[in-house]
Amino acid sequence: MISYDDVYIEPRHSNIETRDNVNLSTDFTGNHVIGCPIVASPMDTVMGAEMMKALDKEGATGIMHRFGGHQYGKVNQIDELKNVSVQGPLSVSVGAKGDVGKIATEIINETDADVVLIDVAHGDHKYVESAISKLREDAPKVDIIAGNVATAEGASRLADWGADAVRCGIGPGAVCSTRVKTGVGVGQVTAIRNVADVLDRTYPDVPVIADGGIRKPGDAAKALAAGADTVMVGSILAGTDETPGELKARETDWPNRELYKEYRGSASQGVKGSDEYVEGVTRTVPYRGSVKRIIGDMKDGLRSSFSYVGARSVGEFQAKASLIEVSGSAAQMGQPHHGT
């Protein structure tokens, strides 16, 4: 079982003259393509109208969170997105319980959303099967993203039930405490391979969204090399101008001050409003300026990674890239360091 730090991408012969020739377009869902493989997580300290618009300008996208307001965040999502115009898909989210078809339909009618995420931690569950069925009946024209799963069996079931994309990852997120609280999880590279391998064989038109654990551009490249079509990110976008939440200041060494924002997991106490079944934490992150700079850095890293294996597109990169396991000392040596 392996995660991002356990592997490198093996370099191969390349005839790419310039990284600008690399095309980062990729399948987001069965019927929607985006300009680069970055998707913002549906978290209340990451996603909002400003983030949706900023990502769309960069060819990326995000999924609006379902927290706040009432009726499973329906009002909040409508208020945030009803006047948002984007070139790419507009994605919203619902839970797996209750009348999800009706809730989703009301959001779709008010916002013109064309993708709905069933946003639950454990996607291989009967409630998700029921939610997909209700959405198919009440909102037949939208694409459905379902998850999260980390096994081939779970991914197969979601595709069998009618998912148009599968979200992969159990517990790798920066503010997720599922593995600590429950002991449940799968190394993210292993999970991506589990899901991508079975979908490639049986449902090749169902893309894989690798959710969680992305800390730097190289991690995103490794996720794509393992078989993901897009990567879902939260922590690397936290603290930017476009994230919801107040920009705060705290005193450091006089006379300096540090600007920061809060970042919290979707199953944290602050989001859930109770101490029951908490599987997320809250922390602060430094102020990071505009998200445009971060997405630009991600794109640059991905284009360079593609050039190292001679790939001009995401599909070609998936076909050519080979992940090799490395020792702990090799991983440590791979970090910037000074010789002694």
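Q: At what angle do helix 8 and helix 10 pack?
A: This is a predicted model, where local features need pLDDT of at least 70, side-chain atom pairs count only at pLDDT 80 or more, and totals for chains, interfaces and linings use all residues. Residues are numbered from 1 along each chain as its sequence is written, and side-chain values use heavy atoms, leaving out hydrogens and water. Helices (H or I, at least four residues) and strands (E, at least two) are DSSP runs, numbered from the N terminus. The axes of helix 8 (residues 217-226) and helix 10 (residues 291-308) are 8 Å apart, and the packing angle is about 50 degrees.

Q: Which word describes how helix 8 and helix 10 lie to each other?
A: Axes are lines fitted to C-alpha atoms, for helices over the stretch in contact, and angles run from 0 to 180 degrees between N-to-C directions. Angles under 35 degrees count as roughly parallel, over 145 as roughly antiparallel, 65 to 115 as roughly perpendicular and the rest as oblique. Helix 8 and helix 10 are therefore oblique.

Q: Which residues of helix 10 meet helix 8?
A: Contact means heavy atoms within 4.5 Å. Helix 8 brings Pro217, Ala220, Ala221 and Leu224. Their partners in helix 10 are Asp297, Met298, Gly301, Leu302, Ser305 and Phe306.

Q: How is the aromatic pair of Phe306 and Phe317 arranged?
A: Rings of Phe, Tyr and Trp (its six-membered ring) pair if their centres lie within 6.5 Å; planes under 30 degrees apart count as stacked, over 60 as edge-to-face and the rest as tilted. For Phe306 and Phe317, the centres are 4.3 Å apart and the planes 10 degrees apart. The pair is stacked.

Q: Is Phe306 buried or exposed?
A: Buried means under 20% relative accessible area, exposed over 50%, partly exposed in between (1.4 Å probe, protein chains only). Phe306 has a relative accessible area of 0%. So Phe306 is buried.

Q: Which elements do the buried residues of helix 5 pack against?
A: Helix 5 (residues 152-161) has Gly154, Ala155, Ser156, Leu158, Ala159 and Trp161 buried. These pack against helix 4 (126-138), strand 8 (143-149), strand 9 (165-168) and helix 7 (188-202).

Q: What is the phi of Asp112?
A: Most residues other than glycine have a negative phi. Asp112 lies in the loop between helix 3 (100-111) and strand 7 (115-118). Its phi is positive, near 65 degrees.
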